[in-house]
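Work through the exercises below with the sequence and the model at hand. Each task is followed by a solution in steps.

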Amino acid sequence: MITYEQFCENCKQLEERVANACEKCGRACDSVRILPVTKTHPVDAVEYASRYGFASVGENRVQEIVEKFDSERGCNLKIDWELIGHLQTNKVKNAVERVARIQSVDSQKLLNKIASEAEKIGKTIRVLLQINAGNDPAKFGEDVANTPALLEYALSKKYIKVEGLMTIAPLDENLDVASRCFENLRNLRDNLQTQFKYPLPELSMGMSDDLERAVECGSTMIRVGTFLFGKRDYTL
């Protein structure tokens, strides 16, 4: 695990990249937030993010959230947890009890389970609909064509609040591929807002390798892990 001082330096470099990207396309710097992704890192990473002033962290696996959130150090941190990885229905209960938002909602079946578990504890769970905007068979997410039906279903659920859309760009050295994916998501969001007369302010798209393209295409949140925390030492 890197030192806190190294983490702060990485944050400053990343913030500068985001600011430059925003300036280049005429956007306000505060229109794009950074979500530190603490997956595969110890709870120290979450502590670093909280200490630096981040409002939330992202995790990929429910079991990892449980282990960190329920630890003596994790349960006392003043920070929100967001699930950004694929969610299986048998893990929904643990997720709903601990996270502030689920970014990877991609089916009516999953919506039903989330709403059911949220109702049991009287908690409205914030969600993003994960869309396979790059039409990548290796990625999870609802198809673009089926998104209106998924949104309509989500809006019918009492204990679910839809705040926007999320996507993961196809892995490709040609960043134009990422741009097309991000543009697809932005256009989809704009069309959905018009069709449903419902605000979808959050566009979670972009990571360290393609954040400039994501900002240019309208991202409001980029998800960054290794750039901030370094590589995980699996010998620990």
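**Exercise 1.** Which residues on the other side of α1 are exposed, and which residues of α1 are buried?

Solution. Exposed means over 50% relative accessible area, buried under 20%, and partly exposed in between (1.4 Å probe, protein chains only). Glu5, Lys12, Glu16, Glu23 and Lys24 are the exposed residues on the other side of α1. The buried ones are Tyr4, Phe7, Cys8, Asn10, Cys11, Leu14, Val18, Ala21 and Cys22. These lie on the same side of α1 because they cover an arc of only 160 degrees around the axis, taken from the directions from the helix axis to the C-beta atoms. An α-helix has 3.6 residues a turn, so residues three or four places apart point the same way.

The model is predicted: local features need pLDDT of at least 70, side-chain atom pairs count only at pLDDT 80 or more, and totals for chains, interfaces and linings use all residues. Residues are numbered from 1 along each chain as its sequence is written, and side-chain values use heavy atoms, without hydrogens and water.

**Exercise 2.** What do the buried residues of α1 pack against?

Solution. Their partners are β1 (33-36), α2 (43-52), α8 (211-216), β8 (221-224) and α9 (226-229). Helices (H or I, at least four residues) and strands (E, at least two) are DSSP runs, numbered from the N terminus. Contact means heavy atoms within 4.5 Å.
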